[in-house]
2 protein chains.
Amino acid sequence: MELVPRVLGGDRRALARLISFIEDDGPAARAALAALYPHTGRAHIVGVTGAPGTGKSTLVNELAKALRAQSRSVGIVAVDPTSPFTGGALLGDRVRMRDLAGDPGIFIRSMATRGSLGGLAQTTGDVVKVLDAAGFEVVLVETVGVGQAEVDVARTAHTTVVVEAPGLGDEVQALKAGLLEIADVLVVNKADRPGAGQTARALEVTLDLGRNNRGEGDWRPPILKTVALDGTGVEEVLGAVADHRAYLRESGLWDRREQERVRVDLVRMLERELVGRLVERVGEDALEGWVEQIVARKVDVYTAVQTILKADPAGERAMSS
Amino acid sequence: MELVPRVLGGDRRALARLISFIEDDGPAARAALAALYPHTGRAHIVGVTGAPGTGKSTLVNELAKALRAQSRSVGIVAVDPTSPFTGGALLGDRVRMRDLAGDPGIFIRSMATRGSLGGLAQTTGDVVKVLDAAGFEVVLVETVGVGQAEVDVARTAHTTVVVEAPGLGDEVQALKAGLLEIADVLVVNKADRPGAGQTARALEVTLDLGRNNRGEGDWRPPILKTVALDGTGVEEVLGAVADHRAYLRESGLWDRREQERVRVDLVRMLERELVGRLVERVGEDALEGWVEQIVARKVDVYTAVQTILKADPAGERAMSS
């Protein structure tokens with residue numbers, strides 16, 4: 001695919017086109033990803049996640065601006081929960097672009113969360129790889145900190161920044177509690193609001209209670225206060241992110257997190273490929289026939305799966321081998 | 001498995017034990033699900049979803065109480081996003097139980113969202129099947145309306161109730177917008193708060209703009225106001241849910257939604273089974289070897305998948321057949 005050398009050469013239009021290919025998920029996209037893969041592994045992948053209302057999008061934009069001020073190139077992948085339905089992703093891109101437009105050292109992409117279960121994580125991971133190969137030094141992956149797939153996406157970053165804010169409702173507080181344990185850096189945003197000190201102290205206590213369970217090494221997540229709207233504290237967050245990167249490198253955890261991500265990726269791709277091949281062999285009509293029989297309660301889905309795989313020539317051979 | 005006849009006979013202790021088996025996902029669980037399956041298909045599965053802070057848990061509890069007042073049995077499956085980390089699910093169960101305890105016509109289970117991608121939807125679907133087979137007339141599935149997996153779970157219900165509330169922040173509003181299109185019944189909860197009328201009117205306008213795209217038939221989601229805390233409007237919500245059920249039955253959409261759910265279920269189980277068998281044939285050590293090679297950028301994951309499947313005896317036979 002001719003796009004690949006252009007992406008590697010820094011062509012931003014080619015980059016945007018390639019990412020669109022990847023979202024459409026054709027075989028050409030996979031060939032391109034294979035060709036790009038040897039060029040990956042250099043970017044620092046930073047997940048930024050938090051409950052609705054914490055202001056994490058603003059923080060991500062400010063982090064990007066601060067990185068640009070250090071002449072470091074930044075890719076942003078925003079996983080936008082509104083977009084499966086409303087096209088909010090495109091709108092979001094446009095609003096963000098106003099602020100950061102025209103700078104070739106920055107690239108922003110909002111991901112729709114449409115598609116099948118697990119599709120979100122797969123596509124987000126692929127887009128991160130492309131930005132990594134394209135030479136972006138930092139890739140910020142922004143997800144809302146609610147939802148299994150969304151939290152999983154943040155968790156596979158090298159460094160996960162969890163954003164909190166004072167004065168959110170009880171239910172939001174509860175959601176945030178679940179995020180604490182994947183945090184490498186904790187940010188109390190909107191720190192000019194009443195209750196910010198209290199929120200930070202509550203986080204300290206929670207950390208003391210050992211609720212952070214990535215369970216690796218002896219990194220204690222720093223708790224930093226920001227007012228993303230005017231940029232206060234953003235430099236310090238970047239500093240903590242850089243410290244965490246150094247820590248990962250020195251402790252060998254960098255490699256462990258890479259291995260974890262690759263393992264998940266490999267299994268997911270095997271699943272997809274195996275089912276794709278099975279559907280080709282068995283035929284969509286035959287599978288639809290099974291669906292109808294299951295709906296009619298003539299067979300249950302568990303028995304259907306065993307029967308389909310037993311009748312499948314590949315499956316049969318495997319069992320007898 | 002001896003638990004199955006006991007569950008079918010109404011034994012609640014056996015039911016709780018069986019659900020624990022299913023969450024642990026052993027082969028015995030699958031045999032039990034197969035045995036229970038012919039007894040499913042009678043429950044009305046109602047998804048209740050909404051952004052954090054809308055009060056949907058309170059509404060679910062009130063709906064359950066109102067159903068009990070009509071002598072209808074109710075199962076509740078609450079998908080709790082805090083629980084992968086904090087054990088919030090168990091706590092939630094206990095809090096809820098206080099209100100509804102000791103009534104054999106009601107059964108509540110909070111689901112942890114731990115586990116692999118897609119695991120949430122799988123396990124939730126299985127637990128719903130068990131409650132259906134156990135004879136519960138209505139199964140309420142409560143999920144937070146953020147996150148791909150969580151929204152998918154709500155979407156596979158027969159009837160999806162989307163809960164809104166006035167006065168939530170901008171970001172929460174945006175999240176809610178994405179939920180509108182899967183709504184069969186819209187509820188403005190906390191209707192005693194300022195702005196409730198405005199929220200309801202905004203929903204009307206959105207519906208007029210055709211933002212509801214389940215795209216089936218001519219059902220227009222009613223917009224109802226509730227104050228779940230004191231039970232105001234809860235009867236009307238139940239009425240709308242019953243109307244929607246009648247509509248699904250008369251229009252034939254009931255069967256279409258069943259088919260959709262079964263199709264997703266079948267593919268997901270085939271995926272899991274195929275990968276499980278592949279791992280057995282190839283061996284975990286060999287796969288771990290591939291992971292290391294991919295991490296070292298000696299091979300990309302796409303090429304690795306093709307190579308693994310080509311070397312797999314079952315895969316080779318399939319390609320040559």
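In chain B, helix H4 (residues 56–69) packs against helix H11 (residues 234–251) at an angle of about 75°, and their axes are 9 Å apart; axes here are lines fitted to C-alpha atoms, for helices over the stretch in contact, with angles running from 0 to 180 degrees between N-to-C directions. H4(B) is therefore roughly perpendicular to H11(B), a term covering 65 to 115 degrees. The residues of this contact comprise 6 nonpolar, no polar and 2 charged, where Ala, Val and Leu are among those counted as nonpolar and Glu is among the charged ones. On the H4(B) side stand B:Glu62, B:Leu63, B:Ala66 and B:Leu67, which meet B:Val234, B:Glu235, B:Val237 and B:Leu238 of H11(B); contact requires C-beta atoms, placed from the backbone, within 7 Å.

The model is predicted, with local features needing pLDDT of at least 70 and side-chain atom pairs pLDDT 80 or more, while totals for chains, interfaces and linings use all residues. Residues are numbered from 1 along each chain as its sequence is written, and chains are lettered from A and ligands numbered from 1 in the order in which they are written.

Turning to chain A, A:Lys190 has a positive phi of about 60° although it is not a glycine. A:Lys190 sits in the loop between strand S6 (185–188) and helix H10 (196–208); helices (H or I, at least four residues) and strands (E, at least two) are DSSP runs, numbered from the N terminus. A:Lys190 counts as buried because 25 C-beta neighbours lie inside 10 Å, the cut-off being 20 or more other C-beta atoms within 10 Å.

A:Arg297, also not a glycine, has a positive phi of about 60°, and its place is the loop between helix H13 (284–295) and helix H14 (301–311) of chain A. With 12 C-beta neighbours inside 10 Å, A:Arg297 counts as exposed, a class for 12 or fewer within 10 Å.

Terms used:
Angles under 35 degrees count as roughly parallel, over 145 as roughly antiparallel, 65 to 115 as roughly perpendicular and the rest as oblique. Two residues are in contact if their C-beta atoms, placed from the backbone, lie within 7 Å.
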